[in-house]
Amino acid sequence: MICEQIVIRSAITRRFRNGQNSLESELMGVAENIERVREQIMQAVAKGGRSANDIELVAITKTHPAGKVHEAVDAGHTLFGESRVQEARVKIPELPSNLRWHFVGHLQKNKIRHALPLFELFHSVDSLALAQEMNRIAAEEGGHPCVLLEVNVAEEGSKFGFKAETLRAEMESLLALPRLSIEGLMCIPPLAEEAEASRKFFVQLRELRDSLEEEFDLRLPRISMGMTQDFWIAVEEGATLVRVGTAIFGERSKRPKD
């Protein structure tokens with residue numbers, strides 16, 4: 001069984017590296033793609049000795065039209081993610097009202113008021129200033145947003161997110177914001193050809209979560225990490241939320257940013 005899993009993961013990694021997985025996703029259809037992703041999650045769950053109930057698959061719909069999202073809904077999927085507020089404001093009303101939506105992109109301060117009613121969880125609160133502004137607007141709107149804190153695990157200059165030491169230094173201030181419910185951490189590791197290269201960053205995020213829980217005597221039960229190219233590695237290392245778009249919906253079309 002272990003040997004079979006190693007062969008499967010190696011084959012998957014080669015497909016992602018060679019760009020074949022996106023083509024397969026286009027050819028197989030959304031329902032088949034979701035089933036394939038779920039099977040990969042189950043394999044990773046088995047290896048890590050975890051329960052499948054610990055993992056939520058967030059299907060990322062960025063740039064994909066509502067019609068394509070309907071294919072996932074017809075396959076029984078109900079949890080989706082968007083990274084552009086303006087696109088979400090158009091798309092979400094076109095879809096069934098019972099769907100769950102997470103925000104996974106960089107949230108601009110001038111979009112907070114529009115975003116708060118649309119999403120049940122914000123994965124990417126990346127600074128104390130953003131958290132404070134969300135708290136202020138949530139108080140005005142009567143909301144209590146649930147959030148994850150984005151950590152820049154590799155300290156890349158091109159990415160948003162807290163450095164680990166900054167997060168520790170500002171954690172008390174974050175916890176003092178009465179309107180925000182801080183439920184965990186999120187990260188985006190550096191792009192790499194091999195999925196295995198992400199593992200050390202996923203371990204780093206999990207260990208940071210564990211140390212914050214102990215240091216501040218709190219619970220941070222949710223860890224958002226892993227995307228199309230490495231989500232099974234993330235599951236093995238403790239992810240509770242994986243964000244998968246291309247492996248489900250195929251390659252994204254290009255649209256202007258918000």
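Q: Which residues line the second largest pocket?
A: In this predicted model, Arg 38, Ile 41, Met 42, Ala 52, Ile 55, Glu 56, Leu 57, His 77, Thr 78, Leu 79 and Arg 100 line the second largest pocket; lining residues have an atom within 4 Å of a pocket point. The second largest pocket has a volume of about 160 Å³. Helix 3 (30–48) and strand 1 (56–60) each give two or more residues to this lining, and helix 3 gives the most, with 3.

Q: What kinds of residue make up the lining of the second largest pocket?
A: The lining holds 6 nonpolar, 2 polar and 3 charged residues.

Q: Why is His 77 called buried?
A: The relative accessible area of His 77 is 5%, and buried means under 20% (1.4 Å probe, protein chains only); His 77 is therefore buried. His 77 is placed in the loop between helix 4 (66–74) and strand 2 (79–82).

Q: What makes the approach of the side chain of His 77 to the backbone oxygen of Leu 79 a polar contact?
A: A polar atom of the His 77 side chain lies 2.8 Å from that oxygen, and the limit for such a donor–acceptor pair of N or O atoms is within 3.5 Å. The side chain of His 77 also reaches the backbone oxygen of Leu 57, at 3.1 Å.

Q: Which residues does His 77 touch, not counting those up to four places away in sequence?
A: His 77 touches Ile 34, Arg 38, Leu 57, Ala 59, Ala 72 and Leu 99, contact being heavy atoms within 4.5 Å.

Note on methods:
Residues are numbered from 1 along each chain as its sequence is written. This is a predicted model: local features need pLDDT of at least 70, side-chain atom pairs count only at pLDDT 80 or more; totals for chains, interfaces and linings use all residues. Side-chain values use heavy atoms; hydrogens and water are left out. On a 1 Å grid over the protein atoms alone, a cavity is a set of points where a 1.4 Å probe fits but cannot get out, and a pocket is an open set with protein on both sides within 12 Å along at least five of seven lines; lining residues have an atom within 4 Å of a point. Grid points are joined across faces, edges and corners, and a volume is the space filled by probe spheres set on the points. Helices (H or I, at least four residues) and strands (E, at least two) are DSSP runs, numbered from the N terminus. Ala, Val, Leu, Ile, Met, Phe, Trp, Tyr, Cys and Pro count as nonpolar, Asp, Glu, Lys and Arg as charged, and the others, Gly among them, as polar. Buried means under 20% relative accessible area, exposed over 50%, partly exposed in between (1.4 Å probe, protein chains only).
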